[in-house]
Structures are given as structure tokens and as C-alpha cells.
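Subject: Structure handover

Hello,

Here is the structure I promised to pass on. My notes on it follow below.

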Amino acid sequence: MSVNESKAELYDMSTLSIAELEKEPAHPKASVFERYIQTCAAEVIGSALFIFVGCSSVIENVEGTGRLQPALAHGLALAIVIVVLGEISGGHFNPAVSLSVYLVGGLNFVLLAPYIVAQLCGGMLGAALAKAISTEETYMNASGGAFTAVQSSGQIGRAVVAETVMTVFLTLVVCMGAVNEKSRSHLAPLCIGLTVAADIFAGGAVSGACMNPARAFGPAVVANYWSYHWIYWVGPLAGALITACFVRLLLGDRKIRILLK
């Protein structure tokens, strides 16, 4: 198996076939490095940069901008790190994305757990960097960029549904725009970033529009804020499973679809 078969690439690799890559001689240690160490390092760094920008945009959000500043910061940062690091790791930076991509056949099983661990580590690093550049007052006022939209048990149902639906939107864009050969697009990084921004505009007031357990976990650890934290695991992971069902059963091409091939 080549390096490119073990990852979910966000770009059309038709100009360089897998057969051609397999013919190229590679040192065994270099192959292991590129397939496992380099990919996980890219997920740590990308997640850290994305979550650093995301947390900082919440902590330093000026009055009067509402959700505009966080939406643009999250969306632009994610699109940028996908473009820069996508050819190395696939540019997931989100456990829900990694799960959905694995379920539709775009990620090797042996990389799923390492990717998720790398993303969580990147989340903690990014949140810690955001804390390092913030004043104590602004950091405490924003709970370190952690998700605080849900304040009572009466909001749980709406928040879980919101996180699930928004994650379906995000992971569907990833799987159809970056993994499914029939619909794959070079604009996938931009579309993914725009999807995150749109979700924050739409659901920020309901649940905070997380869609990413690593984005929730990092600031929760650094700020020690765990109120209703489980929502930001259950909703996104449920959304990833629903997307996988859509793609595997209905929307995927013949290589991915399991029905009526």
C-alpha cells in the first residue's frame, strides 16, 4: 500500500497515479516516517494552529461583532491549514472528520486512533497558546474559548441536535468534496472552511457550533471547563456516523457505495 492510499487526500491525484508512486524506490524507514510519523505530526500542528486561532477569536472577540469574528476566524484558519498540510495527512484536524472519512473508506484503520490522539494533543496545545497571549481578564471572561452556550439541562436536546446536524453538513462536504472520486473538487478546502463559518453563523447561539471534539477538548482541559462537555462528543460523532450512512448507501460512487454497484 502506498502512502497516498493510507490517507484521505483533499486533492485530485490523477496527475500522479498510485502505480507510479509504487514504482518509486523508497527507504523502508522513510516510508514508515511519511506514513505514520509525518502524518500525525501534521495533524498535531494543523489542529494546534486551527484551535489557537479559534480560541483566540473567541477570547478576543470585540463587542458588536457577534459571531462574525469567530466564524471568519475558524473558517479561514481551517481552510488555510487544509491547503498547507492536506497533502501530508489529508487535513482532518477533527476526530469526527477522521471517523467519517474512515467509515467511507478514505482512511486506513491503523491511522484512525493515532489521528484522533494527535488532534486532541493539538487541541490542548492550541488552547494553551491562546491562553499564553491573552490577558487574565479576557481569558476568564471567555472561559478560555471553551463552549459555554449550554447553561441548563433544558438546552441539551437542542444543542445535541444542532451539533449533529451541523457536523453532518461539515463531514458530508469533506467526504463528498475530498474523498468521493465522482464529486471530488480542488475547492474542497475552501468549501470546508466556508461550511464551518456557515455553521457558526447558523448554530452558534444554540450550541456554540463546535462540530469538533478536539476543538472542545483543548480549551476544556486548559481552562478546566467541563460543563456539558459530552455534548461536543456525542453530537459530532453521531453526525459522522450519519454522514457515513448517507455516503455508503446513497451518495457515494461505485467504489464507496455498498448498494446497487
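At what angle do the axes of helix α3 (residues 68-89) and α8 cross, and within what distance do they come? They cross at roughly 160° and come within 8 Å. Axes here are lines fitted to C-alpha atoms, for helices over the stretch in contact, and angles run from 0 to 180 degrees between N-to-C directions. α3 and α8 are therefore roughly antiparallel to each other; angles over 145 degrees count as such, under 35 as roughly parallel, 65 to 115 as roughly perpendicular and the rest as oblique.

First, the ground rules. This is a predicted model, in which local features need pLDDT of at least 70 and side-chain atom pairs count only at pLDDT 80 or more, while totals for chains, interfaces and linings use all residues. Residues are numbered from 1 along each chain as its sequence is written, and side-chain values use heavy atoms, with hydrogens and water left out.

Overall picture

The chain has 10 helices and 0 strands. Helices (H or I, at least four residues) and strands (E, at least two) are DSSP runs, numbered from the N terminus. Of the 261 residues, 51% count as buried. Buried means under 20% relative accessible area, exposed over 50%, and partly exposed in between (1.4 Å probe, protein chains only). Take the contacts (heavy atoms within 4.5 Å) between residues at least 6 apart in sequence: 77% of them join residues at least 24 apart.

α3 and α8

Back to this pair. The crossing is right-handed. That term applies if the near helix is turned clockwise from the far one by less than a right angle, and left-handed if anticlockwise. On the α3 side, the residues that meet α8 include His74, Gly75, Leu78 and Ala79. Their partners in α8 include Ile192, Gly193, Val196 and Ala197. By class, the contact of α3 with α8 has 14 nonpolar, 3 polar and no charged residues. Ala, Val, Leu, Ile, Met, Phe, Trp, Tyr, Cys and Pro count as nonpolar, Asp, Glu, Lys and Arg as charged, and the others, Gly among them, as polar.

Look at Gly193 in α8. Gly193 is buried, at 3% relative accessibility. Leaving aside residues up to four places away in sequence, Gly193 touches Gly75 and Ala79. Its C-alpha atom is 9.5 Å from that of Ala73, 120 residues apart along the chain.

α2 and α5

Helix α2 (residues 28-59) packs on helix α5 (residues 109-132) at about 35°, with the axes 6 Å apart. This crossing is right-handed. Its contact residues divide into 17 nonpolar, 7 polar and 2 charged.

α9 and α10

Helix α9 (residues 213-223) and helix α10 (residues 231-251) have axes that come within 9 Å and cross at roughly 170°. They are therefore roughly antiparallel to each other. The crossing is left-handed. Pro213, Ala216 and Phe217 in α9 meet Tyr232, Trp233 and Pro236 in α10. The contact has 6 nonpolar, no polar and no charged residues.

The whole structure holds 3 aromatic pairs. Rings of Phe, Tyr and Trp (its six-membered ring) pair if their centres lie within 6.5 Å; planes under 30 degrees apart count as stacked, over 60 as edge-to-face and the rest as tilted. Phe217 and Trp226 form an edge-to-face pair, 6.1 Å centre to centre with 65° between the planes. Trp226 is partly exposed, at 39% relative accessible area.

α4 and its surroundings

Helix α4 (residues 95-103) is mostly covered, with 7 of its 9 residues buried. Among them are Pro95, Ala96, Val97 and Leu99. The buried residues pack against α5, α7 (156-179), α9 and α10.

Thr167 lies in α7. Thr167 is buried, with a relative accessible area of 0%. Not counting residues up to four places away in sequence, its contacts include Ala96, Met211, Pro236 and Thr243.

Backbone points to check on screen

Met211 sits in the loop between α8 (188-203) and α9. Met211 has a positive phi of about 65° although it is not a glycine. Met211 is buried, at 1% relative accessibility. Ser143 also has a positive phi, near 55°. Ser143 is in the loop between α6 (136-141) and α7.

Best wishes
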